[in-house]
Amino acid sequence: LCGTALAQTPSLKPGTFENQPAVVLSNDKLELTVTLLGASFAKLLLREDAEGHNPLWEPARMSRESGGRAEFRGSTGHFVCVDGFGPVSAEERAAGLPGHGEAHLQKYETRRSAVEGRAAVLTIEALLPIVQEKFARTVRLVEGETVVYVDSRLENLMGFDRPVNWAEHATVGSPL
């Protein structure tokens, strides 16, 4: 009985994804791997799925399986596109802005990693130097739920207001 209770406690632990640092949040229903390069939701597993299928897009794995070079670049699974979505203009490229913005290429710092009540909570944050913004994401997994709660915040560090281009790039991959 004690072992069952401990196994159901939400948890956070250091992990890796494609040899990159990550944090693994889990509860009794889900396990979510969040990369610290790009803040991507790289792997989402249902605990009841004995085969461990990850429904999220894994380009490095797909490249490896097809005989190509497997290189992790931050854009995998569900990733954030700030400040930009899709290709950049010639002027943006000349300024160093990559496609889909720079948020998915930054190294994120852990600001909070804790079990709070019945929830595993992770807050990570990164500075986006080209667009002068700070992006923070808080992820929660609550015991007994198959829901991932996400609170993302973008702070403009410039001295004036300007429009932003923000997209959540959720991609389903093989074998699903």
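This report covers a sheet, an aromatic cluster, a nonpolar core and some single residues in a predicted model.

## Basis

Residues are numbered from 1 along each chain as its sequence is written, and side-chain values use heavy atoms, with hydrogens and water left out. Because the model is predicted, local features need pLDDT of at least 70 and side-chain atom pairs count only at pLDDT 80 or more, while totals for chains, interfaces and linings use all residues.

## The open sheet

Strands β6, β7, β8 and β9 form an open sheet in the order β6-β7-β8-β9, with antiparallel pairing. Strands here are DSSP runs of E with at least two residues, helices are runs of H or I with at least four residues, and both are numbered from the N terminus. Two strands pair if DSSP finds at least two bridges between them. The edge strands, each pairing on one side only, are β6 (109-116) and β9 (148-156). From one strand to the next the twist averages 10 degrees; axes are lines fitted to C-alpha atoms, and angles run from 0 to 180 degrees between N-to-C directions.

Strands β6 and β7 run antiparallel and are joined by 7 bridges. Threonine 110 stands opposite isoleucine 124 in β7. The two strands form a hairpin with 2 residues between them, and glycine 117 in the turn has a positive phi of about 65 degrees. Strand β7 (residues 119-128) is also joined to β8 (residues 133-142), by 10 bridges, and this pair runs antiparallel. Threonine 123 has threonine 138 in β8 as its bridge partner.

## Aromatic cluster

The whole structure contains 2 aromatic pairs. Rings of Phe, Tyr and Trp (its six-membered ring) pair if their centres lie within 6.5 Å; planes under 30 degrees apart count as stacked, over 60 as edge-to-face and the rest as tilted. For tyrosine 108 and phenylalanine 135 the centres are 6.4 Å apart and the planes are at 85 degrees, so this pair is edge-to-face. Tyrosine 108 lies in the loop between α3 (90-94) and β6, and phenylalanine 135 lies in β8, so the pair ties together parts that are 27 residues apart in sequence.

Phenylalanine 135 and tryptophan 166 form an edge-to-face pair as well, at 5.6 Å centre to centre with 80 degrees between the planes. This pair links distant parts of the chain, 31 residues apart, with phenylalanine 135 in β8 and tryptophan 166 in β10 (residues 166-170). Tyr108, Phe135 and Trp166 form one aromatic cluster. Tyrosine 108 and phenylalanine 135 are buried, the latter with a relative accessible area of 0%. Tryptophan 166 counts as partly exposed at 34% relative accessibility. The classes are buried under 20% relative accessible area, exposed over 50% and partly exposed in between (1.4 Å probe, protein chains only).

## Surroundings of the cluster

Contact means heavy atoms within 4.5 Å. Leaving out residues up to four places away in sequence, tyrosine 108 touches Leu36, Gly38, Ala39, Val80, Ala103, Ile124, Glu125, Ala126 and Phe135. With its neighbours within four places set aside, tryptophan 166 is in contact with Val80, Cys81, Val82, Phe135, Ser152, Arg153 and Leu154.

The side chain of tryptophan 166 makes a polar contact with that of glutamate 168, at 3.1 Å. A polar contact is a pair of N or O atoms within 3.5 Å; within protein, one must be able to donate a hydrogen and the other to accept it, and residues adjacent in sequence count only if both atoms are side-chain atoms. The C-alpha atoms of tryptophan 166 and alanine 103, 63 residues apart along the chain, are separated by 9.7 Å.

## Nonpolar core

The largest nonpolar core has 25 residues, of which Leu25, Val34, Tyr108, Leu122 and Ile124 touch the most other members. Such a core is a set of buried Ala, Val, Leu, Ile, Met, Phe, Trp, Tyr and Cys residues joined through side-chain atoms within 4.5 Å. Elements giving two or more residues to this core are β2 (20-26), β3 (30-35), β5 (78-82), β7 and β8. Strand β7 gives the most, with 5 residues.

## Two further buried residues

Valine 142 lies in β8 and is buried, with a relative accessible area of 14%. Not counting residues up to four places away in sequence, valine 142 touches Asn27, Arg118, Ala119 and Tyr149.

Asparagine 54 is in the loop between β4 (41-46) and α2 (59-65). Asparagine 54 is buried at a relative accessible area of 5%, and a polar atom of its side chain lies 3.2 Å from the backbone nitrogen of leucine 56.
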